[in-house]
Amino acid sequence: MLSNLFGRLIDNRLFFNQPCLLCGTPGTHHGLCPPCHASLPRLPAERCPHCAEPVAAGSLCGACQRHPPAFDALHVSYRFDYPLDGLIHAFKYGKRLEMAGALGRLLAEKAPLSAPAIDLIVPVPLAKERLAARGFNQSHELAQALAATMQARFDANLCWRKYNTRSQTTLDRAERHRNMKHAFGVKRCLDGLCIAIVDDVATSGATLSALAATLKKQGAKRVEAWVLARAISLKT
Ligand SMILES: [Zn+2]
Ligand SMILES: [Zn+2]
């Protein structure tokens with residue numbers, strides 16, 4: 001509850017009437033003016049319902065048919081592409097924390113205003129060293145915005161990341177899954193709970209799937225993944 005209230009306070013104090021993050025037009029409602037908002041890169045309508053890979057006729061993609069991800073649903077509207085990629089990069093590496101409200105709002109656009117079925121909203125954690133280097137976890141900020149929109153409980157301490165996984169960028173899909181397999185820990189039993197996990201960008205979904213699998217091992221009944229943008233993978 002407290003974190004939800006905090007989220008809303010931040011949202012109102014810092015993000016109401018701020019100039020557009022992309023073109024500088026003053027007085028936007030939540031950090032993007034309507035034309036810039038409309039220009040953000042959307043995912044194709046025909047995509048795999050499990051992992052959002054573009055496929056004909058919205059059927060499951062081949063990779064998901066062979067190895068379905070451990071999460072039950074993936075919610076994502078945007079493609080990780082210009083100009084959203086630049087915004088996410090500035091937020092994450094430029095420590096532009098004031099962008100959290102605008103990006104969190106994009107993530108939460110399709111979220112129901114109340115989601116009684118979701119028991120907990122959890123950010124994908126960063127390993128300790130990476131958190132120390134970056135100063136904050138971008139997924140934490142986004143998850144908080146989603147929790148505020150959905151009036152759901154936010155828990156940033158449920159999971160941890162055991163180690164810094166190798167960079168995934170040079171790995172293919174199977175290698176990404178192997179790389180992530182034992183990356184996460186969960187602190188308590190989650191019998192029967194429905195959990196939403198949040199990250200800024202997904203590529204193959206390996207990170208989300210690994211976290212979802214760990215949560216399910218601890219008893220979670222359902223795990224939904226929410227991400228701001230889906231990178232269309234170079235390798236599948
Ligand atoms: Zn604009
Ligand atoms: Zn798929």
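Predicted model: local features only at pLDDT ≥ 70, side-chain atom pairs only at ≥ 80, totals over all residues.
A residue counts as buried when its relative accessible area is under 20%. By that criterion S209, with a relative accessible area of 7%, is buried. S209 is found in helix 9. Leaving aside residues up to four places away in sequence, the residues that S209 touches are P69, A70, F71 and H177. One of these, H177, also belongs to the packing of two helices, described next.

Helix 8, residues 173-180, packs against helix 9, residues 206-217, at an angle of about 40 degrees. The axes of helix 8 and helix 9 lie 9 Å apart. The two helices are therefore oblique to each other, and their crossing is right-handed. On the side of helix 8, the contact is made by R176, H177 and M180. Helix 9 contributes A206, T207, S209 and A210.

Helix 4 (84-93) and helix 5 (residues 100-108) pack at an angle of about 130 degrees, with their axes 11 Å apart. That angle makes helix 4 oblique to helix 5. The crossing of helix 4 and helix 5 is left-handed, whereas that of helix 8 and helix 9 is right-handed. Here L84, L87, I88 and F91 in helix 4 meet A100, L103 and L106 in helix 5.

The protein has 236 residues, of which 50% count as buried. Its secondary structure comes to nine helices and seven strands. Among contacts with a separation of 6 or more, 71% are accounted for by residues 24 or more positions apart.

V186 gives a local example of residues separated in sequence but brought together in space. This residue is found in strand 5, residues 184-186. V186 and C159 are 27 residues apart in sequence, yet their C-alpha atoms are 4.4 Å apart. With a relative accessible area of 11%, V186 is buried. Beyond residues up to four places away in sequence, V186 touches L158, C159 and W160, and also T214, L215 and Q218.

The zinc ion (ligand 2) is held by the SG atoms of C48, C51, C61 and C64 as protein donors, which lie 2.3 Å from the ion. For ligand 2 the angles among the four donor atoms are 104 to 116 degrees, and this site is tetrahedral. In sequence, the donor residues of ligand 2 are spaced C-x2-C-x9-C-x2-C. C61 and C64 are buried.

Most residues other than glycine have a negative phi, and most peptide bonds are trans. A52 is not a glycine, but has a positive phi of about 70 degrees. The place of A52 is in the loop between helix 2 and helix 3 (62-66). With a relative accessible area of 2%, A52 is buried. Q151, likewise not a glycine, has a positive phi of about 55 degrees. Q151 lies in the loop between helix 7 (138-150) and strand 4 (159-161). As for the peptide bonds, the one from Y82 to P83 is cis, with omega near 0 degrees. P83 is placed in the loop between strand 2 (78-79) and helix 4.

How values were computed. Residues numbered from 1 in each chain as written. Chains lettered and ligands numbered in written order. Heavy atoms only, no water. Donors = N, O, S within 2.8 Å, 3.2 Å for Na, K, Ca; no water. Tetrahedral: all angles 85-135°; square planar, octahedral: opposite > 155°, others 65-115°. Buried < 20%, exposed > 50% of the residue type's maximum accessible area, 1.4 Å probe, protein only. Axes fitted to C-alpha atoms, helices over the stretch in contact; angles between N-to-C directions. Helix = DSSP H or I, 4+ residues; strand = E, 2+ residues; numbered from the N terminus. Parallel < 35°, antiparallel > 145°, perpendicular 65-115°, else oblique. Left-handed = near helix turned anticlockwise from the far one by under 90°. Contact = heavy atoms within 4.5 Å.
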